[in-house]
Amino acid sequence: MKYKDYYATLGVPRDAAADDIKKSYRKLARKYHPDVSKERDAEERFKEVQVAYDTLSDPEKRAAYDQLGQHRPGEDFRPPPGWERQFRFEQGNLDDFDLADLFEHFGGGGFRSQGARRGGTGGFAMPGQDYEVTAHLTLEELHRGAEVSLDVAAPERTPRGTIQRAPRTVRIRVPKGATDGERLRVAGRGGPGVGSGPAGDLYLNIALRPHPRYRTSGHDLYLELPVTPWEAVLGAEIEVPTLDGRVKVAVRPGSRAGQKLRLAGKGLPKPREGHGDLYCVLQVVTPAVLSDRERQLYEELGRLSGFNPRGHLE
Amino acid sequence: MTAETLLARLADETTIAIDELLAASGLAGEELAELVEFGALEPAGATWTFSTRALVAARRAARLRDDFGLNAPGMALALAYLERIDALERRLRELECQLPGWEA
């Protein structure tokens with residue numbers, strides 16, 4: 001088993017008072033709590049902090065942890081002989097666990113789910129663990145609805161009461177209408193309950209992979225549409241790609257950069273009916289390199305034109 | 001190993017009863033009543049049923065309670081702020097979508 005230094009994780013000395021441990025935990029929670037923090041690795045960091053706090057905030061668990069002695073973080077170690085019996089650990093073979101698993105099942109108690117069901121009932125009926133997994137989907141997958149296969153590896157309690165890590169592959173149908181950042185729920189498909197406790201739930205986070213063409217906002221899509229100065233001035237019919245294939249859009253004469261052309265219903269499908277929209281955002285681009293003839297024509301235009309866009313600044 | 005394919009439920013697609021909300025979120029009945037009273041959570045109908053969206057918020061509230069020691073008014077306040085941040089981020093995102101020259 002790999003050693004983890006929970007005191008170091010919480011930034012407190014080994015003889016810290018319970019109150020200081022709590023203070024340090026609150027401070028770190030403020031910094032890394034996934035509901036509050038936008039730091040990149042906040043969720044990972046917070047999990048570590050939480051695991052450490054779970055153990056050190058419980059006097060019995062802390063005593064058991066202290067008995068393991070101090071090792072270097074990551075060092076392989078074995079608990080001292082008789083340790084499991086002294087601290088009422090139920091499972092036989094400690095090799096299959098990491099430290100966090102071990103303390104989570106301390107004293108034969110049930111699972112603490114990720115966040116939701118803590119402080120539960122105690123006793124022998126415990127709800128199962130909630131699983132939370134993230135599906136990274138492409139825009140095309142969100143558009144047509146997708147099936148994802150996810151590996152869920154979580155400790156489960158066997159009928160004999162021991163704990164084992166049971167890797168499972170679950171196939172989940174993501175219905176049309178899901179959007180980036182949405183949290184979907186599959187009721188009753190988390191970890192099995194203990195005793196008469198109900199099974200946990202499975203939560204599926206939808207994370208949209210960046211698309212080379214479109215940006216998304218809810219069910220709406222945005223496409224940057226470059227046009228030439230003369231297309232913007234004279235108007236044009238332009239073919240644009242949508243998720244349903246190419247369509248023609250009319251750029252009106254006298255269009256400006258930043259104008260949005262709305263293609264109704266060409267966005268992502270909405271949950272019940274209808275679709276979001278696709279907005280083409282006009283971008284007037286100028287050629288970086290001009291031929292002599294092109295330059296001549298621009299110069300001529302410059303001489304001829306009476307257009308003054310800065311009249312109001314004079 | 002199961003071969004079946006599970007169907008995930010969208011945030012507003014189904015409603016759940018109050019018992020299920022309490023069990024799935026870890027909130028106590030009293031806390032839920034207070035959060036509804038403060039307008040932090042909204043039942044989906046006149047009878048106390050809730051959308052999955054409300055469940056996600058309720059789980060968030062329970063996490064904040066556990067990790068920061070918040071009471072119901074504190075949870076309601078935190079949820080209100082977090083919702084506002086979510087709304088602002090959505091708006092920011094919408095505006096960013098319209099800026100020229102993004103890197104895909």
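Contact here means heavy atoms within 4.5 Å. By that rule, the contact between the two chains takes 44 residues from chain B and 52 residues from chain A. This is a predicted model, where local features need pLDDT of at least 70, side-chain atom pairs count only at pLDDT 80 or more, and totals for chains, interfaces and linings use all residues. Residues are numbered from 1 along each chain as its sequence is written, chains are lettered from A and ligands numbered from 1 in the order in which they are written, and side-chain values use heavy atoms, with hydrogens and water left out.

Stay with the interface. About 4000 Å² is buried between chain B and chain A, and carbon and sulfur atoms give 52% of that area. Buried area is the accessible area (1.4 Å probe) that two parts lose on being put together, summed over both. Six salt bridges are counted between chain B and chain A. A salt bridge is a side-chain nitrogen of Lys or Arg within 4 Å of a carboxyl oxygen of Asp or Glu. Asp35(A) forms one with Arg63(B), and their closest N and O atoms are 2.9 Å apart.

Over all chains, the structure holds 18 salt bridges. One of them joins the side chains of Arg171(A) and Glu147(A), at 2.7 Å from N to O. Arg171(A) lies in strand β3 (residues 163-174) of chain A and Glu147(A) in strand β2 (residues 146-157) of chain A, so the pair ties together parts that are 24 residues apart in sequence. Helices (H or I, at least four residues) and strands (E, at least two) are DSSP runs, numbered from the N terminus.

Now turn to the helices of chain B. Two packed helices are described by the angle between their axes and the distance between the axes. Axes are lines fitted to C-alpha atoms, for helices over the stretch in contact, and angles run from 0 to 180 degrees between N-to-C directions. Angles under 35 degrees count as roughly parallel, over 145 as roughly antiparallel, 65 to 115 as roughly perpendicular and the rest as oblique.

Take helix α1 (residues 18-25) of chain B. It packs with α3(B) at an angle of about 40 degrees, with the axes 9 Å apart. The two are therefore oblique to each other. Leu21(B), Ala24(B) and Ser25(B) of α1(B) make the contact with α3(B) residues, including Ala54(B) and Leu55(B).

Helix α2 (residues 29-37) of chain B packs with α4(B) at about 50 degrees, again with axes 9 Å apart. α2(B) and α4(B) are therefore oblique as well. On the α2(B) side, Glu31(B), Glu34(B) and Leu35(B) make the contact.

Residues of α3(B), among them Ala57(B) and Leu64(B), meet residues of α4(B), including Met75(B) and Leu82(B). By class, this contact has eight nonpolar, no polar and three charged residues. Ala, Val, Leu, Ile, Met, Phe, Trp, Tyr, Cys and Pro count as nonpolar, Asp, Glu, Lys and Arg as charged, and the others, Gly among them, as polar.
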